[in-house]
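Me: Please take a close look at one helix in this structure, and then relate it to the rest of the chain. I would like the criteria behind each term stated as you go.

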Amino acid sequence: MNKLSRWGLAGLAGATLGVGAAVYFGGAKPNLIGEVRADEPKTAAQTTTPAAKKGDHTMFGGTPDHNFVNLVATDISATFDKSEEDEKVSVLGKRIKWKQPLGSRAYGGPTIAGGKIFVGTNNENPRNKRDRGKPTDDDPNGPPIDKGVIMCFEEATGNFLWQFVNDKLESGQVNDWPREGICSTPTVEGNRVYFATNRCEIVCADVDGMANGNDGVTNEKHKEKTDADIIWSLDMIKDLKVFPHNMTASSPLIIGDLLLIVTANGVDENHINIPFPEAPSFLALNKNTGKVVWKSNLPGKAIMHGQWSNCSVGTIKGKPQAIFPGGDGWLYSLELETGKVLWKFDANPKDSKYELGGKGTRSDFIGSPVIHEDKVYIGTGQDPEHFEGIGHFYCIDASKQGDVSPDLVTDAAKDPPETKPNPNSAVVWHYGGEEKRPFAKRDYAYGRTMSTACIIDGVLYISELAGYLHCLDAKTGKKFWQFDTKSAIWGSPYYVDGKILLANEDGDVYFFKHEKEQTVLDEVAEGSAAGVAAEKKAGIDGKDSADAKKAGRDANDEAIKAMKDKVKAKFLLTKVEIGEAVRSTPVVANGQLYIMSEKTLFAVNPK
Ligand SMILES: [Ca+2]
Ligand SMILES: [Ca+2]
């Protein structure tokens, strides 16, 4: 995991790395929320303007419930060319339809809608010479000026159409980390694209840019054909006193006329003080005007670091809920129309502690909540600069009210605090926490995650920062198996065509076989049992305790290896080497696979 230290970024992006399919709620009744999926045809009443096609991928996670499942595409092959240098290595090869260079860090998107593709990136590979500095001996074209960028391409050809470019904040890294561009995954509805910028602004822009004229506000600085046409924007720093910590990364969610977003409000440079606890963390705007409909300053002073996750929306027992991940490690369900709290859930044990720099046991959220069949699924995580650590994953019954945490504190003055089980707990199941089984390789079962879960056929897939994919029973949380990709994962597992796609920092894109019927192939359980048995037998055979322990460790290693081989043979279809770090989620839209590395967008043919 030491590779992570390469990334100067504190905060962000798993939250913004997303994908799925298309849903339109413009003009739809709120009770449709969460009920329209990408596999169902949209009616005119559910769409606003020029319509998203059925196979489009219009927002983070594809749908407002943020379940990374594509039920539309049915023909995405896992067979790839072999590398010319090494026949054991699969490459994109002839399946590349087109590719386009981005900046040097791309985390936002891709979003595919209405024949266009939108990505968030930085300006390290400027497409406009006015975004370069004065020529130098080293760089006769002029070095790139650090800026945040949204690029728009034509879906069919990859041709560059237009871009939104803005400066970095003058306040510097505490609010806008250098060389990180726009990290928010753009959301498209009709002819409007919405995103949050590195300047903590929310922007609504015309999907056609300036090429078809200037709509909405007309005070844009640049108005050439390849410039962005801004309809409205809201400066959350100036107008709402938000203090974004390191980066504003959340992706806007459009539900009816509302735009919902997490603001990024957080600590100042000393990492202890919250300069503006009264500023909103959770925000609902009118999508047509950018005016605030409601705002909530929860969790206020309890924010531990920053807030970079996304709001998800689903209908639970007929009532829409907006689920906001808080920077205090609590999950908040708010009434969609008013922002009133319906329930709240502490996703960390009461004796956990947040510590500066990531050594602690209490985390917040980078991944987004998934709403599926009246339940909410989410894992805890931290800024990737805080590295690995203990994580928790929960399935929560979203139909309760009030404080629905697993435990209640009865005496906060004690250390650890005195607690009792919460009679109103909404925990359906919990996965992770401490790993106490003998011979286990880690002292926790599941680590911090930046990923959002994917649930299909009652099977749940969730990856963690440390590179593991976990496959669980979505109903019970029982672990089926795990797989180690051996490199940091910032994106999320994505279901399409009977397969689970997952990419990592090494630039490997994994294709796993999804199976509805799963059996337990748990290397940790198997290894632990084998180790205990071997140690016991060695004792009976008269070996001393050091030798017996060693026998146990050897048997543990052997059993783990055997189980790893079994999982690999059963589920791993292929691993494609991209050669560039991937920090986003591969997405399929309109039969085409899109893989966005940090610096290139690849359109990949289905076979
Ligand atoms: Ca326009
Ligand atoms: Ca305009």
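Reply: In helix H3, the residues Ala551, Gly552, Ala555, Asn556, Ala559, Ile560, Met563, Val567 and Phe571 are buried. A residue counts as buried if 20 or more other C-beta atoms lie within 10 Å of its own, as exposed if 12 or fewer do, and as partly exposed in between, with C-beta atoms placed from the backbone. Helices (H or I, at least four residues) and strands (E, at least two) are DSSP runs, numbered from the N terminus.

This is a predicted model, in which local features need pLDDT of at least 70 and side-chain atom pairs count only at pLDDT 80 or more, while totals for chains, interfaces and linings use all residues. Residues are numbered from 1 along each chain as its sequence is written, and chains are lettered from A and ligands numbered from 1 in the order in which they are written.

H3 covers residues 545-571, and its 27 residues reach 38 Å from the first C-alpha to the last. That is close to the expected 39 Å, the expected span being 1.5 Å times one less than the number of residues. The cover over the buried residues of H3 includes strand S31 (479-484), strand S34 (508-513), helix H2 (523-540) and strand S35 (572-577).

Of its 607 residues, 53% count as buried. Among contacts with a separation of 6 or more, 63% link residues 24 or more positions apart; two residues are in contact if their C-beta atoms, placed from the backbone, lie within 7 Å. The C-alpha trace spans about 85 × 65 × 55 Å along its principal axes.

The mean pLDDT of the protein is 92, and 91% of the residues score at least 70; pLDDT is the predictor's confidence in each residue, from 0 to 100. Over residues 1-51, however, the pLDDT is below 50, although this stretch has 174 contacts in the model beyond near neighbours in sequence. Where pLDDT is low, the predicted coordinates should not be read in detail.

Five of its five residues are buried, so S10 is largely enclosed by the rest of the structure. Arg192, Tyr194 and Ala196 point one way from S10, whereas Val193 and Phe195 point the other way. Strand S9 (residues 187-189) runs antiparallel to S10 and is joined to it by three bridges; two strands pair if DSSP finds at least two bridges between them. The bridge partner of Thr187 in S10 is Tyr194. S9 and S10 form a hairpin with two residues between the strands, and Gly190 in the turn has a positive phi of about 60 degrees. S10 is also antiparallel to strand S11 (residues 201-206), through five bridges, and there Tyr194 has Cys204 as its partner. The hairpin of S10 and S11 has four residues between the strands, and Cys200 takes a positive phi near 65 degrees.

One has five strands in the order S17-S18-S19-S20-S24, with mixed pairing; its edge strands are S17 (312-316) and S24 (402-403). The other has four strands in the order S21-S22-S23-S27, with antiparallel pairing, and its edges are S21 (370-372) and S27 (427-432). Within this sheet, S22 (residues 375-379) and S23 (residues 392-397) are joined by five bridges, and Val376 stands opposite Ile396.

The loop between S22 and S23 contains Phe387, a residue other than glycine with a positive phi near 65 degrees. Phe387 counts as partly exposed, with 19 C-beta neighbours inside 10 Å. Ala264, by contrast, is buried, with 30 other C-beta atoms within 10 Å, and has a positive phi of about 85 degrees.
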